[in-house]
Amino acid sequence: MENGEIPENANEHCPGPQSESAGKSDDCQGCPNQEACATAPKGPDPAVIGNVQNLNTIMFLLPLLFFDAQLKAELSLIYLVAIAERMATVKHKILVLSGKGGVGKSTFSAQLSYALAAMDFQVGLLDIDICGPSIPKMLGLEGQDIHQSNLGWSPVYVESNLGVMSIGFMLPNPDEAVIWRGPRKNGLIKQFLKDVYWGDIDFLVVDAPPGTSDEHISIVQFLQATGIDGAIIVTTPQQVSLIDVRKEVNFCKKVGVPVLGVVENMSGLCQSLVDFRFIRGTGTDEQIDVTEKVLECMREKAPELLDLVAISEVFDSSGGGAAKMCTEMDVPFLGKVPLDPQLCKAAEEGRSCFVDQKCWVSAPALKSIVKNLLAANQWTEETAMNE
């Protein structure tokens, strides 16, 4: 019953744990939570009280909270002011969204942050995917803890100019399930924005869960007063993904968030021919691995094939893909990123795809997208650092 949430096993007409009649009304009879509700403290979120200097005044107003909508709005405004003050040192705020899960949004968020940090920008990466926090894994930060300072929560740093914040740092183990309702998720997002001390940074990249639900509405509402530069939307080429992405674009338009561009991820499998496995069917369920024989044959009879890259359209892009959708919806198209097994491996190992030549297929594509993003918004190293 944290944060005033109604328990799942409550009676049908539960008045709510924060109600003055909680545990006392006729609707509470026979409820397993009756005694707990009757004795639970009532009142607003204590974090709000912590932001009000005159505690005596707020204690006087507590009985009115449940009857005065204007007072509730004023207390909510206290949060927004605290968030605005905290975000005053963040120059640019970018949301990374996806209408559909599994399109590689978190991988893109991680590599975008790595790319910006490599260009000497000061970068923060905020993971608000509360139920599926994969950012700590993708930046090699599993097992790290959040530290408190006199300035607030300190991000976990990958490098001196790349800090990360995620609920993943708060879980007792990485397999722990986060089973929260919307209000509690929103409360944590609010706390991230209010309490995390990023310092003076150029970019805050916000990795959001898929869809257009509570977390998205909250992050937009909380940040709108401080200015959101816009959103990058990640998709895959096929129509089943683009259908959801169109909804994401419309969400951004309705809430007033500019669409900085769309990225088509997993745009065709690109892999060196020598990295493939070759099998032969036998007419039964059995398959025979003939990889070594094929490679040996190529080495002896056609060594020039060893340098070739095989490209395959894994997803159906016959409908025109993200580029056509961007033209139809009048939003920028930032570029395509191929489905590169080496990029997937870099994400699994928590490292940047730009530090070596292993991701020689996907890294140039990602660099091109970042350059397009910076150029289109006139964000250069000089202007970002000196605004």
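Colleague: Where does Ile-311 sit, in terms of secondary structure?
Modeller: First off, this is a predicted model, where local features need pLDDT of at least 70 and side-chain atom pairs count only at pLDDT 80 or more, while totals for chains, interfaces and linings use all residues. Residues are numbered from 1 along each chain as its sequence is written, and side-chain values use heavy atoms, leaving out hydrogens and water. Helices (H or I, at least four residues) and strands (E, at least two) are DSSP runs numbered from the N terminus. The run at residues 309-312 holds Ile-311, and that's strand S13.

Colleague: Is Ile-311 buried or exposed?
Modeller: Buried means under 20% relative accessible area, exposed means over 50%, and partly exposed lies in between (1.4 Å probe, protein chains only). With a relative accessibility of 61%, Ile-311 counts as exposed.

Colleague: What share of the protein's residues is buried?
Modeller: The protein has 387 residues in total. Of these, the buried ones make up 46%.

Colleague: Which helix packs against H5, at residues 105-118?
Modeller: Two packed helices are described by the angle between their axes and the distance between the axes. Axes here are lines fitted to C-alpha atoms, for helices over the stretch in contact, with angles from 0 to 180 degrees between N-to-C directions. H5 meets its partner at about 70°, with axes 10 Å apart, and that partner, at residues 362-376, is helix H13.

Colleague: How is H5 oriented relative to H13?
Modeller: Under 35 degrees counts as roughly parallel, over 145 as roughly antiparallel, 65 to 115 as roughly perpendicular, and the rest as oblique. The angle for H5 and H13 is about 70°. That makes the pair roughly perpendicular.

Colleague: Which residues of H13 make the contact with H5?
Modeller: Contact means heavy atoms within 4.5 Å. H5 brings Phe-108, Gln-111, Leu-112, Ala-115 and Leu-116. On the H13 side, you'll find Leu-366, Ile-369, Val-370, Leu-373 and Leu-374.

Colleague: What is the relative accessible area of Asp-120?
Modeller: Asp-120 is in the loop between H5 and strand S2 (123-127). Its phi is near 70°, a positive value in a residue other than glycine. Asp-120 is exposed, at 54%.

Colleague: And Met-266, is that one buried or exposed?
Modeller: Met-266 lies in the loop between strand S9 (259-264) and strand S10 (269-272). Met-266 isn't a glycine, yet has a positive phi of about 55°. With a relative accessible area of 16%, Met-266 is buried.
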